[in-house]
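Please look through the sequence and the model shown here, and keep both in view while reading. The paragraphs after them are meant to be followed with the structure at hand.

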Amino acid sequence: MLLSIPNHYATLGLDRRCADAQIRAAYRLLARQHHPDINPGSAAAIKYTQDLNAAYDILSDPARRQDYDRELAVAKKPATTTRTAKVRRNLAQDVNLRLEDFLRGTTLEVRVKDPANANTIETYPLVIPPNTAPGTRFKIPRSAVPDGGFVVARVKAMPDFRFKVRGPDLRCDLRITGQRATQGGAESVRGLAGNPVRLQIPRGIASGEILRVPGEGLPKVRGDRGDLLVRIVYRPEVRITRSPGR
């Protein structure tokens, strides 16, 4: 018990619910045992006798004892309330994953430094199974906390230089030549898993037009995968020549 005032009951070896007669009996017994005359030259005996006298002066007076009990209650209550609130608090944290980790799965380490467990750094494994959808939440029990609690981790997509994320869909650009745009034909882009994804470019496609490849995006909550949206980018050919006769 951490108090800002001395614990007179502990000095007398008594409980707070003790009777007045017990206070008198304990004081007389301890005062005789620890009196400086019986323990000559003992600084500890002198200090303990002073503490005994202070405790008896307060606890033997009903009015002063009642005031002292109220002080004890006030000193003890904030520490208990604060500790309970911290220990039972649930924590939430976002986790940024690489895009490939949503497909392949991965294992992470969750570390918690909680003031309620000042001498303990909580460490828990977070297993992300394959085909996890962005936005999925994992509830991790805080087993190192006496009163329990959880860490709720929500997985999010980390920014990627190849793709832009739109929910379960991925978006990327494919640069082609003007000739390919005119004639059409087959092209390929690198998919999320590193595999080549083939595209059929229609003849006369416009720059900025988007081609959709089903099932090449991120996993969805209810299974399957989103789509890969490929934006076609090219620069129209511009020729500048001298006019005839000039």
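What follows is a walk through a sheet, a loop, some aromatic rings and the cysteines.

This is a predicted model, in which local features need pLDDT of at least 70 and side-chain atom pairs count only at pLDDT 80 or more, while totals for chains, interfaces and linings use all residues. Residues are numbered from 1 along each chain as its sequence is written, and side-chain values use heavy atoms, with hydrogens and water left out.

We begin with the sheet. Helices (H or I, at least four residues) and strands (E, at least two) are DSSP runs, numbered from the N terminus, and two strands pair if DSSP finds at least two bridges between them. In this model, four strands make an open sheet in the order β6-β7-β11-β10, and their pairing is mixed. Because β6 (164–166) and β10 each have a single partner strand, they stand at the edges, and one side of each is left without a neighbour in the sheet. Between β10 and β11, which run antiparallel, there are four bridges, and R212 has L229 in β11 as its bridge partner.

The loop between β10 (210–213) and β11 (228–233) holds E216. With a relative accessibility of 18%, E216 counts as buried, since buried means under 20% relative accessible area, exposed over 50% and partly exposed in between (1.4 Å probe, protein chains only). Leaving aside residues up to four places away in sequence, E216 touches several residues, among them L170, L192, R225 and L228, where contact means heavy atoms within 4.5 Å.

Next come the aromatic rings. Rings of Phe, Tyr and Trp (its six-membered ring) pair if their centres lie within 6.5 Å, and planes under 30 degrees apart count as stacked, over 60 as edge-to-face and the rest as tilted. By this rule there are two aromatic pairs. The pair of Y9 and Y68 is tilted, because the ring centres lie 6.0 Å apart and the planes meet at 40°. This pair links distant parts of the chain, with Y9 in helix α1 (residues 8–12) and Y68 in helix α4 (residues 62–87), 59 residues apart. Y9 is buried at 1% relative accessibility, and Y68 is buried at 5%. The pair of Y27 and Y56 is stacked, with 4.2 Å from centre to centre and 15° between the planes.

Finally, there are zero disulfides in the structure, a disulfide being a pair of cysteine sulfur atoms within 2.5 Å. C18 is buried, at 9% relative accessible area, and C172 is buried at 7% relative accessibility.
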